[in-house]
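Good morning, and thank you for coming. I would ask you to keep the structure in view while I speak.

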Amino acid sequence: MTLRVMGVDPGLTRCGLAVVDIEPNRRSTLVAVGVVGTPADQLLDRRLLVISDAVDEWLEAHSPDVLAVERVFSQLNVSTVMGTAQASGVVMVAAARRGIPVALHTPTEVKAAVTGNGQSDKAAVTKMVTKILRLDAAPKPADAADALALAITHAWRQGVAANRASASGGTATSAQRIWAEAEAKARRRR
């Protein structure tokens, strides 16, 4: 059964949205990708409404099984973190209203899942997303590529969690194997 995952890279100025279908053999196919943007000089409530309306439209149009959202992490710029957190909240509420589960993934998890290295830069993530999805051109802007990477990460993580014993063989890519090994190592340290 194909898993349909909607990835969201939350942000007030640019919120990346992507939908990916992932087959049991981990073959990933692009369904839709885009970015909803709001101007920085617009009132916060209006910006959040624009994002909310766009997410509602995407949820209705694509009926994902699950949402994968980037986990907000602390940065030096508190206003950026707040805006990202507010956009994330709007997205999670939209999913909750429809009974769609939400999973949160850190940027490091996403980088490790798609590139095999949690310290990869945006260019490396975009390159791998382009390859994984067999796209003719790299998705732009970076927020769109990040949303795709979140969707792929979630599906692969679910596959890894369900098949840990076989994660080092079969149809897993080298990036998936490295990610599974890193996840297992992190669990052992706890």
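This is a predicted model: local features need pLDDT of at least 70, side-chain atom pairs count only at pLDDT 80 or more; totals for chains, interfaces and linings use all residues.

The buried residues of α1 are R47, L48, I51, S52, A54, V55, W58, L59 and H62. Because these residues cover an arc of only 165 degrees around the axis, they lie on the same side of α1. On the face of α1 turned away from the buried side are the exposed residues E57, E60 and A61.

The chain has an average pLDDT of 86, and 82% of its residues score at least 70.

What do the buried residues of α1 pack against? Their partners are the strands β1 (3-9), β2 (14-22), β3 (28-37) and β4 (66-70), together with the helix α2 (78-97). As for geometry, α1 comprises 19 residues, 44-62, and at 1.5 Å a residue it should span 27 Å; the C-alpha atoms at its ends are 27 Å apart, in agreement with that value. After α1 comes S63, with a positive phi near 45 degrees.

Let me place this helix in the whole chain. There are 6 helices and 5 strands, and from the N terminus on they follow the order β-β-β-α-β-α-β-α-α-α-α. The chain has 190 residues, of which 46% count as buried. Among contacts with a separation of 6 or more, 60% involve residues 24 or more positions apart. The accessible surface comes to about 9,600 Å², and carbon and sulfur atoms account for 54% of that area.

I turn now to α2. Its buried residues are V81, G83, T84, A87, S88, V90, V91, A94 and A95. They pack against β1, α1, β4 and β5 (102-105). With 20 residues at 1.5 Å each, α2 should span 28 Å, and its end C-alpha atoms are 29 Å apart, which agrees. Just after α2, G99 adopts a positive phi of about 75 degrees.

Two individual residues deserve attention. The first topic is D56, which is found in helix α1. D56 and A94 are 38 residues apart in sequence, yet 6.5 Å apart in space, C-alpha to C-alpha. With R98, the side chain of D56 makes a side-chain polar contact at 3.2 Å.

The other residue is S120, in the loop between α3 (107-115) and α4 (122-132). S120 counts as buried because its relative accessibility is 11%. Which residues does S120 contact, apart from its neighbours within four places in sequence? They are K111 and T115. With T115 there is also a polar contact of 2.7 Å between the two side chains.

I would be glad to take questions.

How values were computed
Residues are numbered from 1 along each chain as its sequence is written. Side-chain values use heavy atoms; hydrogens and water are left out. pLDDT is the predictor's confidence in each residue, from 0 to 100. Helices (H or I, at least four residues) and strands (E, at least two) are DSSP runs, numbered from the N terminus. The expected span of a helix is 1.5 Å times one less than its number of residues. Buried means under 20% relative accessible area, exposed over 50%, partly exposed in between (1.4 Å probe, protein chains only). The arc is that of the directions from the helix axis to the C-beta atoms. Contact means heavy atoms within 4.5 Å. A polar contact is a pair of N or O atoms within 3.5 Å; within protein, one must be able to donate a hydrogen and the other to accept it, and residues adjacent in sequence count only if both atoms are side-chain atoms. Accessible areas come from the Shrake-Rupley method with a 1.4 Å probe; for residues, only the protein chains shown count as cover.
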